[in-house]
Amino acid sequence: MSSKTSKVALTRDDGKRLDGRADDELRPISIEAHVLNDADGSALVIWGKNKVVAGVFGPRECVPRHDQSPYRAVLRCRYNMAPFCSLEEHGRSGPSRRSQELSKVISEAFENVVIAESYPKTAIDVYIDILQSDGGTRCAALTAAAVALADAGIPMKDMLSAVAVGKVEGRLVLDLSKEEDNFGQSDNPMAFASRNGEVLLYQMDGLLTREEVKAGIEMGHKASREVLKLQLDALARVYEQPHETTVPLQLAPGQKFAPPQPA
Amino acid sequence: MSEIQDELKRDVLRNMLSQGRRADGRGNFDYRAIQIVKNPLQNAEGSALCHLGKTQVLCGVKVDLAMPFSDRPDEGVLSTGAEFSPLGSHTFEPGPPSRAAIELARVVDRGIRSSETIDLKALAIEGMDKVQAIYIDLWILDHDGNLFDASMLAAMAALQGTRMPKVEDKKLIRTESAGMLNPKVPVVSCTFAKVDERILIDPTMDEHKGIDGQLTIATTPEHVCAVQKSGWAAFSQKDILDLVDQSFSKAVELRRALD
Amino acid sequence: MSRIVFPGEVIAEKPVRASYTYTDGEKTYATVISLMSDDGKLVPLEGPYEPLAEDVVIGFVSDVRFAGFTLDLGAPFTGFLSSRDTRIVLALGDIVQVRILNVDEVKTIDLGDGRKLENGAIEKISPVKVPRLIGKRNSMINMIAHATGCQIIVGRNGYIFVSHTGNHALARQAITFVAAHAHTSGLTDRVAAMLSEACGRPISPDVVPAPAPAPAPSGGYGYFGGSGGREYGGRREGGSRGGHDSRRREGGYREGGSRSSSGSQDGGRRPFGHRRENPGEGSNAQHSDQNKAQNTDNQTPAGQGQENPSPPRANDQTNEGQSQ
């Protein structure tokens with residue numbers, strides 16, 4: 001995924017990144033909660049060009065029975081990419097190995113925050129669909145899933161916010177774009193609990209020094225607080241501006257959904 | 001357990017219909033509100049999100065280069081898939097496509113293919129073995145009944161908005177456009193549901209639980225181009241002809257939604 | 001004024017035990033998105049049903065066994081109605097109003113006082129919105145029932161029985177509307193307006209319908225000792241409440257009061273002894289005077305300058321006494 005030397009120049013002459021951002025700047029993000037009618041909870045996250053929808057069902061009967069736990073609800077998360085999500089070719093159907101790995105680490109992040117003991121023998125199902133991908137989909141997916149779980153009223157100890165840090169041409173940068181992910185020197189996605197900043201997801205590849213690891217965590221945690229604000233704002237707006245349930249997939253990143261005013 | 005709930009819903013449905021009413025107050029041949037959002041996605045070459053009442057169906061169209069079918073080497077490839085995403089309904093499970101998903105994809109495919117709205121021969125490229133391939137993928141985001149009609153509308157709108165990438169040196173240059181796909185005729189479908197002897201159009205998810213059978217009829221302005229009967233109920237021969245007439249009539253309203 | 005609080009947000013600087021909250025031993029945090037009023041009342045805006053003994057709920061028969069009936073009470077809960085605790089005979093799919101006798105640590109639910117509800121269907125709303133649907137002194141639910149001519153019975157589990165006699169579609173519409181706007185102010189008036197328009201005659205929340213003959217309560221059909229403390233303050237974690245068993249119910253629910261005061265004292269605030277409304281018969285019947293159902297409309301939605309909900313009367317036993 002990352003290489004030692006960039007095949008593509010990732011810094012402009014003015015020192016900014018290819019898309020004009022500063023090193024510690026997030027891409028524009030839109031979050032809308034409660035976008036699906038049937039799901040118990042749902043969310044749309046538009047993060048740069050990424051477009052991700054999450055839907056939650058549960059607590060509900062756990063089938064197959066052998067998946068059930070007598071002590072707690074079983075949390076089942078599935079990350080799945082649509083075949084039309086990429087700029088490049090049409091994707092194959094079925095979960096790739098990458099999707100399966102992501103499903104696992106995402107499930108485990110939420111197992112920490114969801115209070116599952118209240119609902120033994122049930123399942124809480126979280127489905128995250130990547131409808132458009134442009135680097136950093138797993139962070140968008142985690143962020144969307146957290147909002148969908150809160151929207152569903154699933155009791156949680158914490159909210160969870162995710163962001164990726166990376167290294168490009170020797171510098172730590174926040175929220176890698178697709179090119180930076182492909183041609184940069186490290187990709188370091190992470191997710192934080194809202195109450196105390198504990199790390200719920202942490203992965204990296206490439207090469208980082210110890211100082212870079214530390215600085216990366218600080219940069220990531222700070223940015224995750226900004227993401228948290230957007231998540232909470234999305235949830236609040238469900239109640240402050242009730243409107244028809246719809247997926248406003250056409251929103252530009254950073255734009256908020258403006259429901260048509262009732263007559 | 002959910003079967004019992006379905007039985008209860010079935011009773012409610014039959015009860016209401018015997019009083020000549022539908023739960024949302026619609027007439028037997030009224031569609032719910034239709035709204036189509038064009039090209040909400042930028043990575044796909046074409047896309048559309050169809051809202052039909054509370055049903056939300058997304059269609060993404062990708063254009064690739066592919067080897068043609070061996071029996072039609074001078075024609076482009078058209079392929080349609082459908083995903084009943086588990087977030088779309090409490091009745092959808094993750095896993096390989098169910099028979100219902102496969103049926104949906106194949107019926108939408110037949111509607112598009114039979115209508116010849118896409119000139120497949122124009123997708124072949126001179127001097128190349130490979131041809132252009134159009135991949136239509138339906139993605140059910142929110143199931144409140146009548147996935148057939150919502151999918152057909154989403155697919156048609158996505159095709160209408162599809163930009164063809166430029167082909168140069170036997171490769172696709174996705175960042176440059178060679179113009180729009182420009183499908184020739186608008187294809188729409190009407191789905192009729194049968195409850196005992198009554199026929200309803202555009203069933204919701206709740207109504208769906210109480211119906212015995214469905215007939216989906218896809219039309220162009222001049223022709224019927226695909227039909228699918230599903231469910232165990234029988235339709236009389238007269239029913240079928242009546243419903244074809246109804247489809248032509250309703251199609252006018254549906255095609256307006258595509259504009 | 002109220003503000004919205006989120007999962008993981010601090011709602012008390014000390015450990016408190018209450019529904020829909022979590023404590024790490026030092027502070028207490030909300031676990032679901034909720035409204036928090038200035039005086040510390042926490043009302044969940046979304047959340048699953050938390051079954052408690054004494055709750056009157058509605059379910060449908062999902063299994064008929066020799067010893068009784070299994071009722072679906074809304075995912076993921078089922079309850080068991082033993083043949084010992086009910087004299088009625090039920091078939092698969094029947095809709096039943098029941099009372100929860102006991103809930104254990106693994107959420108096994110024992111039911112009693114079954115009453116079959118015929119000629120109607122179940123509508124579902126989120127259980128946390130039930131108090132709003134019932135309204136102060138049953139005002140909201142009575143208004144809807146009166147306007148539509150339907151018999152409406154609201155179960156604490158979010159299952160609502162709506163009879164087919166009457167304008168079922170309008171009732172469903174009104175119920176959905178209330179659920180969607182449960183957290184807003186002026187809701188009763190808006191629902192009244194909506195019903196007036198649909199019925200072509202003025203509908204007012206002040207209309208008290210002439211009491212129809214109340215269905216004779218089946219043996220031991222007493223009530224609503226609500227377990228208070230669905231809201232911030234007095235819920236004891238899971239488990240049985242003072243040894244309920246099927247014989248006790250004849251005597252009414254004296255435990256009501258004591259239960260609600262457990263664990264809810266917090267720096268001088270009144271314990272939440274709210275007894276919940278009679279979730280039983282909505283419309284025609286009843287309650288009005290007989291059961292003096294408490295005000296459960298204790299949500300203070302943002303901006304609503306409503307008259308204070310009746311202060312918690314944790315230790316007021318009068319209601320219990322009347323029931324039988």
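Figure 1. With a relative accessibility of 4%, C:His168 counts as buried, and the model shown here and in the following views is predicted. C:His168 belongs to helix 3 of chain C. Setting aside neighbours within four places in sequence, the contacts of C:His168 are B:Arg21, C:Ala121, C:Glu123, C:Cys150, C:Val162 and C:Ser163.

**Figure 2. Helix 2 of chain C and the elements that cover it.** Helix 2 of chain C spans residues 139–148, and because nine of its ten residues are buried, the helix is largely enclosed by the rest of the structure. The buried residues are C:Ser139, C:Met140, C:Ile141, C:Asn142, C:Met143, C:Ile144, C:Ala145, C:Ala147 and C:Thr148. Their cover includes helix 1 (130–134), strand 13 (152–154), helix 3 (168–180) and helix 4 (187–199) of chain C. Just after helix 2 of chain C, C:Gly149 adopts a positive phi of about 75 degrees. For the chain as a whole, the secondary structure comprises six helices and 14 strands, and 62% of the 324 residues in chain C are buried.

**Figure 3. Packing of helix 2 against helix 4 in chain C.** The axes of helix 2 and helix 4 of chain C lie 10 Å apart, at an angle of about 0 degrees. Angles under 35 degrees count as roughly parallel, and helix 2 and helix 4 of chain C are therefore roughly parallel to each other. Helix 2 of chain C contributes C:Met140, C:Met143, C:Ile144 and C:Ala147 to the contact, and helix 4 of chain C contributes C:Leu187, C:Thr188, C:Val191, C:Ala192, C:Leu195 and C:Cys199. C:Met140, C:Met143, C:Ile144 and C:Ala147 are also among the buried residues of helix 2 of chain C.

**Figure 4. Crossing of helix 2 and helix 3 in chain B.** Helix 2 (residues 99–115) and helix 3 (residues 147–160) of chain B pack with their axes 10 Å apart and at an angle of about 50 degrees. Helix 2 of chain B is therefore oblique to helix 3 of chain B. The crossing of helix 2 and helix 3 of chain B is right-handed. On helix 2 of chain B, the contact is made by B:Glu103, B:Leu104, B:Val107, B:Val108, B:Gly111 and B:Ile112. On helix 3 of chain B, B:Leu147, B:Phe148, B:Ser151, B:Met152, B:Ala155 and B:Leu159 take part.

**Figure 5. B:Glu207, a buried residue of chain B.** The relative accessibility of B:Glu207 is 3%, and this residue therefore counts as buried. B:Glu207 is located in helix 4 (residues 205–210) of chain B. Not counting residues up to four places away in sequence, B:Glu207 touches B:Leu13, B:Arg22, B:Arg26, B:Leu200 and B:Asp202.

**Figure 6. The largest nonpolar core and a separate one.** The largest nonpolar core contains 86 residues, of which A:Trp47, A:Ile106, A:Phe110, A:Val114, A:Ile128, A:Leu142 and A:Leu149 touch the most other members. Helix 2 (residues 137–151) of chain A gives the most to this core, with eleven residues. The core also draws at least three residues from each of domain 1 (2–44) and domain 2 (56–117) of chain C. Apart from this core lies another of 57 residues, among them B:Phe84, B:Ala150, B:Met164 and B:Ala226. Within chain A, and not counting residues up to four places away in sequence, A:Leu142 touches A:Ile106, A:Ala109, A:Phe110, A:Leu160, A:Ala162, A:Ala191 and A:Leu201.

Figure 7. Most residues other than glycine have a negative phi, and most peptide bonds are trans. A:Lys121 has a positive phi, near 65 degrees, and occupies the loop between helix 1 (97–113) and strand 5 (122–132) of chain A. At 39% relative accessibility, A:Lys121 counts as partly exposed. A:Asp175, although not a glycine, has a positive phi of about 60 degrees. A:Asp175 lies in the loop between strand 7 (171–174) and helix 3 (178–183) of chain A and is buried, with a relative accessible area of 2%.

Technical notes
Residues numbered from 1 in each chain as written. Chains lettered and ligands numbered in written order. Predicted model: local features only at pLDDT ≥ 70, side-chain atom pairs only at ≥ 80, totals over all residues. Heavy atoms only, no water. Core = buried A, V, L, I, M, F, W, Y, C linked by side-chain atoms within 4.5 Å. Buried < 20%, exposed > 50% of the residue type's maximum accessible area, 1.4 Å probe, protein only. Helix = DSSP H or I, 4+ residues; strand = E, 2+ residues; numbered from the N terminus. Domains from an automatic or database assignment. Contact = heavy atoms within 4.5 Å. Axes fitted to C-alpha atoms, helices over the stretch in contact; angles between N-to-C directions. Parallel < 35°, antiparallel > 145°, perpendicular 65-115°, else oblique. Left-handed = near helix turned anticlockwise from the far one by under 90°.
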